[in-house]
Amino acid sequence: MTTRWRLQDVALGSLVTLAELLALKVRPGDAVLLHGDLGAGKTTFARAMLRAVIGDPEAEVPSPTFPIVQLYDTPRLPIAHFDLYRIADPSELEEIGLEDALASSLTLVEWPDRADGLAAPDRIDVTLAETQDPETRDVTLVASGSWVERLERLHAIHDFLAKALGAPARIAYLQGDASTRAYARITAADATPYVLMDAPRMPDGPPILDGLPYSRIARLAEDVRPFVAIDHALAARGLSVPAIAAHDLDAGLLLLEDLGHMAFANALDAGVPQSDPWLAAVDVLVALRRDPPPQALPLPDGTAYGLQRFDRAALEIEIGLLLEWYWPAAFGAPPPADVAEAFSMAWAPLLDTMLDAPPGVFLRDFHSPNLFWLPDRTGIRRVGIIDFQDALAEHWAYDVASLLQDARLDVAPELEEAGLERYCAAVAAFDPDFDRAAFMTHYAIFGAQRNTRLLGLWVRLLKRDAKPHYMRHMPRTW
């Protein structure tokens with residue numbers, strides 16, 4: 001099965017943007033085969049794609065015409081760039097390692113016709129043809145294997161950006177999160193920066209219980225509609241969330257305001273005292289509790305989104321990640337029945353307490369990777385929030401624990417204590433019914449539940465999703 005996408009009269013500058021677009025979806029084992037006559041722009045296209053994957057628009061990318069192959073070890077994946085123009089006999093390909101590269105790297109090949117029978121299963125053939133205008137090219141892309149679905153998605157992204165911005169100037173890959181969503185940094189022709197959220201409707205993982213995937217059971221967002229609804233609600237309450245410049249709810253594409261590079265971790269690296277952003281984030285949660293959003297959150301298409309609540313199955317499947325993923329990785333086999341039963345019995349009364357908790361607002365991922373320090377703004381607007389599509393109508397203590405028991409960065413006990421005191425004192429000042437003891441109970445139980453879930457999640461991200469970097473958080477989570 002293949003799919004074809006043809007673009008006519010593409011300006012030479014837009015060839016670079018097209019190469020950057022393709023670079024968003026490359027994987028190890030992919031082949032990008034570049035066809036065209038001398039001077040058609042194959043090396044220009046390859047160089048732009050390589051720089052996009054490397055993540056440096058100024059990276060030195062020499063032509064492999066004479067060495068035949070150039071190898072790159074990038075943070076995303078290994079790359080092999082071949083120029084087969086000087087190949088006289090296909091038997092020479094064994095000597096230069098083309099077959100090995102096709103098995104494990106992103107492989108870019110100029111003059112692929114010199115390799116008789118080159119047919120990588122997951123490939124995209126890019127043909128560049130000159131036009132009557134020396135400053136434009138006709139481009140034909142033909143996808144095979146797993147590239148078929150990816151090229152169709154890139155075509156949709158291309159059309160979405162063209163409608164929203166005209167011709168974007170640059171497209172750069174952004175490291176995603178633990179979800180199935182993907183991101184890119186988009187620079188418009190007028191140099192305005194944006195972030196593209198690429199989130200087609202899909203579940204997180206296969207069906208695992210009663211025909212439902214993990215995301216459905218755990219109340220995780222499976223499209224962009226919750227993000228849009230909650231974004232508008234938080235913005236209306238004076239919080240710093242990304243403004244939505246363009247949206248396609250059905251396609252799962254959002255063009256968002258770029259809140260910059262100063263995530264909380266980067267703020268610490270820049271010398272900002274840790275108490276400044278963390279205590280400001282506590283103030284955000286206080287403000288949200290003082291002025292919570294309504295139950296029904298309107299959407300641009302006239303519908304509404306309502307915050308859900310946990311049920312027992314959702315809580316059990318979250319903590320169950322420990323037994324499902326961590327235990328077999330640590331001990332080489334699933335947990336014995338008596339261990340699983342003891343685990344369930346220990347958690348049962350705590351889950352009862354969680355399920356009986358009065359509703360509030362739980363943004364769910366209110367922690368350092370998703371919080372940005374915006375020192376040019378004032379008050380609670382100094383904290384930028386970028387991840388909230390999985391929000392629920394759950395107890396207020398949950399987000400406080402996510403922030404002050406951060407699994408990604410160390411939070412000193414003194415700062416945790418100061419944050420708790422700041423939160424409780426501020427809420428008690430406007431809510432005479434605030435029960436501090438009950439709040440601290442929910443804070444403790446949710447902290448335990450959250451970290452139990454994460455111990456299993458880190459291993460699942462390693463084993464199922466090939467995202468090993470989360471394992472560095474395991475000691476802190478324990």
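Predicted model: local features only at pLDDT ≥ 70, side-chain atom pairs only at ≥ 80, totals over all residues.
## Threonine 107, in a strand

Let's start with threonine 107, which sits in strand β5, the stretch covering residues 106-110. Is this residue buried or exposed? Its relative accessibility comes out at 0%, so threonine 107 counts as buried, the cut-off being under 20%.

What does threonine 107 touch, once its neighbours within four places in sequence are set aside? The contacts are Asp30, Ala31 and Val32, then Ala80 and Phe82, and finally Leu98, Ala101 and Leu102.

## A negative patch on the surface

Now for some charge. Glu94, Glu95, Glu99 and Asp100 come together on the surface as a patch of negative charge. Two elements each give two or more residues to this negative patch: α3 (93-96) and α4 (98-104).

Take glutamate 95 as one of the members. You'll find it in helix α3, and it has a relative accessibility of 72%, so it counts as exposed.

## Leucine 249, in a loop

Leucine 249 belongs to the loop that links β13 (244-248) with β14 (253-257).

As for serine 14, it lies 235 residues from leucine 249 along the chain, and the C-alpha atoms of the two are separated by 27 Å.

## Two positive phi angles

Most residues other than glycine have a negative phi. With that in mind, have a look at isoleucine 68: it isn't a glycine, yet its phi is positive, at about 75°. Isoleucine 68 is placed in the loop between α2 (42-54) and β3 (69-73). With a relative accessible area of 11%, isoleucine 68 is buried.

Alanine 191 is another non-glycine residue with a positive phi, this one near 80°. Where does alanine 191 sit? Its spot is the loop between β9 (182-187) and β10 (193-198). Alanine 191 counts as exposed because its relative accessibility is 54%, and the label needs over 50%.

Note on methods: Residues numbered from 1 in each chain as written. Heavy atoms only, no water. Helix = DSSP H or I, 4+ residues; strand = E, 2+ residues; numbered from the N terminus. Patch = residues over 30% accessible without salt bridge, like charges linked within 9 Å, V, L, I, M, F, W, Y side chains within 5 Å. Areas by Shrake-Rupley, 256 points an atom, 1.4 Å probe, with all protein chains shown as cover. Salt bridge = Lys/Arg side-chain N within 4 Å of Asp/Glu carboxyl O. Lys, Arg positive; Asp, Glu negative; His and termini not counted. Charge placed at Lys NZ, Arg CZ, Asp CG, Glu CD. Buried < 20%, exposed > 50% of the residue type's maximum accessible area, 1.4 Å probe, protein only. Contact = heavy atoms within 4.5 Å.
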